[in-house]
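Colleague: Can we go through this one together? I would like to start with charges and then look at packing.

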Amino acid sequence: MKALMFGWEFPPHILGGLGTASYGLTKGMSLQPDLEITFVIPKPWGDEDQSFLRIIGANQIPVVWKDVNWDHVNSRIGNFMSPDDYYHFRNNIKYDFRRIGTDDLGCINFSGRYPENLLEEISNYEAVASVIAHAIQFDVIHAHDWLTYPAGRFAKQISGKPMVIHVHATDYDRSRGQVNPDVYRIEKEGMDAADHIMTVSNLTRRTVIEKYHQHPDKVTTVHNAVEPMANVEEFTKSERNDKVITFLGRITMQKGPEYFVEVATRVLQHTKGVRFVMAGSGDMMNKMIRLVAQKGIADKFHFTGFLKGRQVYEMLAESDVYMMPSVSEPFGISPLEAMQVGTPSIISKQSGCAEILNHVIKTDYWDIDAMADYIHAIVKYPAMYNSLRENGLAEVNNIKWEYAGQKVRRIYDMVCGR
Amino acid sequence: MKTINFCFRVHQRPNLKRYRFFEIGNDHYYYDDYANESAIRYASDNCYLEANRILLDMIRSSNGNFKVSFSISGLALEQFEQYAPEVIDSFKELAKTGSVEFLATPYGHSLAALYNEDEFALQVNMQANKIKELFGKKPTTFANSALLYSDEIGNTIASLGYKNIIVEGAKHILGWKSPNYLYSHAYNNKIKLLVRNNKLSDDINYRFSNWSWDQYPLTAEKFIGWIKDAPEAENIFTVFMGYEALGILNHKDSGIFEFFKALPFYAIEQNIGFELPSEICKKNKPVDTLSALYPMSWTDEEKDVSAWCGNELQNEALTKLYNLTERVHLCSDPMIKVDWQLLQDTAHFFFMNTKHYSDGMIYAQKIPYESPYEAFTNYMNVLSDFIERVNAQYPTDIESEELNALLKTIRNQEELIKKLETKKKAAKK
């Protein structure tokens, strides 16, 4: 079976959880020997791991016919793809896309990020999808998140092959209910056109059914997993007198940072030897700094700014408790990463990952007393910390992308009528 | 003649209220009164009163040939006194028939047998006195909380004056032996062991209302038939379960009460009798010894103690709790003594069990916590407050032994003063 996937991010150059999930899922699926995956992203950097799948960069696919010679093509994109492939794609341009600004090869310049003109980029991506759909053979289309739904839809229209879409988040999660009508339209059209919808949690599944009016039979939950870390031992905790409780993520409404500050205030009133760290950046960061100052806990509450790559794991490993009081989290992979480095997690029940984790603490995101109580317990009673740590490690090591991949495969088989 | 020995455990766990860490040091009341009262009321209405009435009828209509014994914890009796005194009256009525025996057990449904011998002895004596006070007779047969037993515990129990003990028929202890005989302690042959037949007990307790069981429905005829079909020499069938099996675990509509009512008729038909544990131990001689090097219980498939002290959370809580024993024994504050009993209940530790947490098993009792971690957090907050209170009684920098000596001197002096005062008064007159 051949799958054509449309994504937006792929490691190592990622901006959010979507890239991590795309990587893990495709890697887990690659363990099935009879499955071939072609993964389209707007802009590859060239250092992506292509050992288990083929990556096509949308910015190297011609959408406008340009007369260019072999050597020129080779010098421009030879390190990504062979000029022969370029000509093959060029022969499959069936529509007139000259209205779109292209470069000397007839390719579109994608930012591969989330720019101001995101909607334009999405529709350009759609144009690329039409060329790909004509040029290559595949059995099923798999589109990751709303940015790629239009591309998937177009590919389905052209090829007549079934399309499944993978909902990593909906606009309802990002906006606490104040949805952007454009985004909602794209999401809804994608879901309507899909033959099957996969969601990363039952929470998201409910949103898809209730807010996007999809038939429950058409929606299946495929929980995310986590890649096993090869170098876990590298991340250790250094000796410190104070216990560290960490919030890590975008400092934005969806993640509930203000609840973290409230919890910190409550804990610090009664407990000595505890420090709180808010790592990350975001639109509510300055507001949080002011709030911390107002509460008078700034001496025990620290901001690190944006962390990336290795720093994330270092921060998690140095922490005694990881906290994710998200108001609405489709899945939330970071508690699993914290568990991998042996840090107990407190997560909100409104997080998708709460559905598959047992050895974490789950509370409502607004239940400040409960969260404060658990922090106190983990910090004061070593048995609590050790149990969560040991049981959590065992648990997270059993959550594998391979199993998620098998679930996706069954859905492929179903929509293909096999 | 084959005999059936019916025993019922009566106990309701104390429910702790939600106790946050910022209440430590401020709030010294730990219990959810509403939950406790409603649990007792519910159990009394659906089980204890109803079942007592039916058992009483059965005893009377069989001219006292139907016999049954109860192991009621002291805490349960206290709760009855507080919330449902009519239950005590109905037990008293049962006691008057003479066909009912009350068993000795620790006062709280505690694990003291595993952790502290002094505390264990204290609880057993408290319980015996309470039974004597209410039902007029000191118990002679012992059944530990959850039937905890090992060779060592057996010895301790014997030193408290109980020579008959009811133990679990755990497979790893019995091996090829049948539970349906009287056994004796591994090296003290004066101690007689009655072995619970867990198959027959669980058939009634857990499987009676289980539609997917291949023997469903269980009828009195079938049940007595199984006993009749057992080899001739096997003569003692100890059926021991929580009293809640009648009316709560098996709802009234399941026909559980009718099942019990019919038992004596079929039993008499097959020449099978009912006897009390003390009678059985008097009449029979042990056929062999049973040795349990490690503690066993009636819980789970493993029949060991891992349900209460199998993980780090439980061990931490239990160690912290029983470290207090000596200090609590020195205290004279009655509230501390009461809390001390209530905090030892096995249920607190059972809720911290992570063994079955992941597989979503259904238990006989509903678990009031969302996770073992929540149970642990709540319990430890309560315990932290309790520890502070105990430590506040006497300075912690004095060793318990030294403290004991000092307290003795004070008490002796108090007595002396009293004596002298009375003398003084007498002299004045």
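Modeller: Fine. Keep in mind that this is a predicted model. To start with charges, Lys424(B), Lys425(B), Lys428(B) and Lys429(B) form a positive surface patch.

Colleague: Where does Lys428(B) sit in chain B?

Modeller: Lys428(B) belongs to helix α18 of chain B, which covers residues 400-428.

Colleague: And is Lys428(B) buried or exposed?

Modeller: Exposed. The relative accessible area of Lys428(B) is 72%, and the cut-off for exposed is over 50%.

Colleague: Now salt bridges. How many are there over all chains?

Modeller: The whole structure has 42 salt bridges over all chains. One of them joins the side chains of Asp171(A) and Arg174(A), at 3.2 Å from N to O.

Colleague: How far apart are Asp171(A) and Arg174(A) in helix α6?

Modeller: They are three residues apart in helix α6 (residues 171-175) of chain A, so about one helical turn separates them.

Colleague: What does Asp320(A) form a salt bridge with?

Modeller: Its partner is Lys237(A), and the closest N and O atoms are 2.8 Å apart. Asp320(A) is in the loop between α11 (310-318) and β11 (321-324) of chain A, while Lys237(A) is in the loop between β7 (219-221) and β8 (243-248), so the pair ties together parts that are 83 residues apart in sequence.

Colleague: What is the relative accessible area of each?

Modeller: For Asp320(A) the value is 5%, so this residue is buried. Lys237(A) has 33% and is partly exposed.

Colleague: Over to chain B. Which residue does Lys17(B) pair with?

Modeller: Lys17(B) forms a salt bridge with Asp27(B), with 2.7 Å between the closest N and O atoms. Both lie in the loop between β1 and α1 (33-61) of chain B, so this pair ties together parts 10 residues apart in sequence.

Colleague: Which residues are linked in a network of salt bridges?

Modeller: Glu168(B), Arg196(B), Asp202(B) and Lys303(B) are linked in that way.

Colleague: Last topic, packing. Which residues of helix α9 in chain B are buried?

Modeller: In α9 (residues 220-229) of chain B, the buried residues are Ala220(B), Phe223(B), Ile224(B), Gly225(B) and Ile227(B).

Notes: Residues are numbered from 1 along each chain as its sequence is written. Chains are lettered from A and ligands numbered from 1 in the order in which they are written. This is a predicted model: local features need pLDDT of at least 70, side-chain atom pairs count only at pLDDT 80 or more; totals for chains, interfaces and linings use all residues. Side-chain values use heavy atoms; hydrogens and water are left out. Patches are made of residues with over 30% relative accessible area and no salt bridge: like charges are joined within 9 Å, nonpolar side chains (Val, Leu, Ile, Met, Phe, Trp, Tyr) within 5 Å. Accessible areas come from the Shrake-Rupley method with a 1.4 Å probe; for residues, only the protein chains shown count as cover. A salt bridge is a side-chain nitrogen of Lys or Arg within 4 Å of a carboxyl oxygen of Asp or Glu. Lys and Arg count as positive and Asp and Glu as negative; His and the chain ends are not counted. The place of a charge is taken as NZ of Lys, CZ of Arg, CG of Asp or CD of Glu. Helices (H or I, at least four residues) and strands (E, at least two) are DSSP runs, numbered from the N terminus. Buried means under 20% relative accessible area, exposed over 50%, partly exposed in between (1.4 Å probe, protein chains only).
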